[in-house]
Amino acid sequence: MSGYAIDKGQARILETAVFDLVVQSEAESAMIIDATGSVLAHTGDVHDPIRDTISALAAGSFAATRELASVLREPGFHAIHHQGQKSSIYIHSIAENFLVLVIFANRATVGLVKLYVTKMIEEIEPLLRIVSQQGPSSTVAAPPDLDFDTRRDPFAAHPRHATPTASP
Amino acid sequence: MSFVSFGKREISFKIVYYGPPLSGKTTNLEHLHKAIPQGAKGPMTMLSTREDRTLYFDFLPLQSSAIKGFDTKFQLYTVPGQPVYNETRRIVLNGADGLVFVADSQWDVMEQNVDSFENLKKNLGTYGLSLANLPYILQFNKRDLPNIAPPHYMDFLLNRGEKRVPCFESVATDGTGVRTSLNMIARLVMANFIAEYRMGVASSAAREQLAVKDA
């Protein structure tokens, strides 16, 4: 899969799905992320920038698990469950290129989380398969013209923030 | 693998810092983490061994408003340079939109630079990718050390692919050349994305016109 995009309507469907999942399974937070760790939808207490860190680590963790499966000639480990003292994480793959990640306190049960994740996957998998086959520009009816200012650096040094030895 | 959320007006890109062991990939990210102001960066995550060598990857999320009307996120990753960790290097490369190859300028590790560059090409090949169609730059690091190769020699050694790419001299420990390298790869990644995006828009419009004619 190369670059892809989601429009407002697709984003709303995914946001509703993770919201329902959190309510039904009594979890703390849930996200739908892609294989590089970009967040497509999320609900719960985890916010930027920690959210990006969690999604990058979860994507990395799942990629390593996938390689383990490959080494063991196992067709695929579709889910991983990290159990902690206070909270746990459950990660399940969807439509090859995406993951659903659920963070839940230990008062919730992993069985309930698995049940509602399975139900959610049934609902959103067709949509994610469509998304992964579409290029960014074919997602919206009237794609905006995207551009960036070639005269300005994306990360220009600001005098107040530059370190004494900042690059020229 | 770029990701656009038209609803949230967000675009994400993944940039990977690749190179031989101890060439300064992590030091690049550490400097950026110090130099980029709060609000434009998230926390830096390092998955390291006890000896502070990268075991899996380092991760630094940055944010800019570079693409007009969109929050533009750049997720920076490093890979472990040691040969034994090739599988993890390969995993981290997956979905990269751009690369910074951090080479060590010291004469005695020149062979490692070449080996690592060949390894990069091989690992990209496992995803059906090639340096010919992926934005990347070369960074010649450790220019403050004695016994270093001249930049034109390193350029001759590493910059001989199908396209010639920008090269930067750097001293990642004091930040020299680090931000410049990031700005260049960010520009190349955005330019590549926008060119592909516009091509997609143009071909969709052409398809629609054909459909109208057929009707």
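Me: What counts as a polar contact in this predicted model?

Reply: A polar contact is a pair of N or O atoms within 3.5 Å, and within protein one of them must be able to donate a hydrogen and the other to accept it.

Me: What makes the pair A:Asp52 and A:Ser55 a polar contact?

Reply: A polar atom of the A:Ser55 side chain lies 3.0 Å from the backbone oxygen of A:Asp52. The cut-off is 3.5 Å, so the pair counts.

Me: Which other backbone oxygen lies 2.7 Å from a polar atom of the side chain of A:Ser55?

Reply: That of A:Gly37. The value of 2.7 Å is within 3.5 Å, so this is a polar contact too.

Me: Why is A:Ser55 called buried?

Reply: Its relative accessibility is 0%. Buried means under 20%, so A:Ser55 is buried. Of the 168 residues of chain A, 46% count as buried.

Me: Where in chain A is the place of A:Ser55?

Reply: In helix 2, which covers residues 50-71. Chain A has 3 helices and 6 strands, in the order β-α-β-β-α-β-β-β-α from the N terminus.

Me: Which residues is A:Ser55 in contact with, leaving aside its neighbours within four places in sequence?

Reply: A:Met31, A:Ile33, A:Gly37 and A:Val39. Contact here means heavy atoms within 4.5 Å. For A:Gly37, the 2.7 Å between its backbone oxygen and the A:Ser55 side chain is within that limit, so the pair is in contact.

Me: How many positive and negative side chains does chain A have?

Reply: There are 13 positive and 19 negative side chains, with the centres of the two sets 4 Å apart.

Key
Residues are numbered from 1 along each chain as its sequence is written. Chains are lettered from A and ligands numbered from 1 in the order in which they are written. This is a predicted model: local features need pLDDT of at least 70, side-chain atom pairs count only at pLDDT 80 or more; totals for chains, interfaces and linings use all residues. Side-chain values use heavy atoms; hydrogens and water are left out. Helices (H or I, at least four residues) and strands (E, at least two) are DSSP runs, numbered from the N terminus. Buried means under 20% relative accessible area, exposed over 50%, partly exposed in between (1.4 Å probe, protein chains only). Lys and Arg count as positive and Asp and Glu as negative; His and the chain ends are not counted. The place of a charge is taken as NZ of Lys, CZ of Arg, CG of Asp or CD of Glu.
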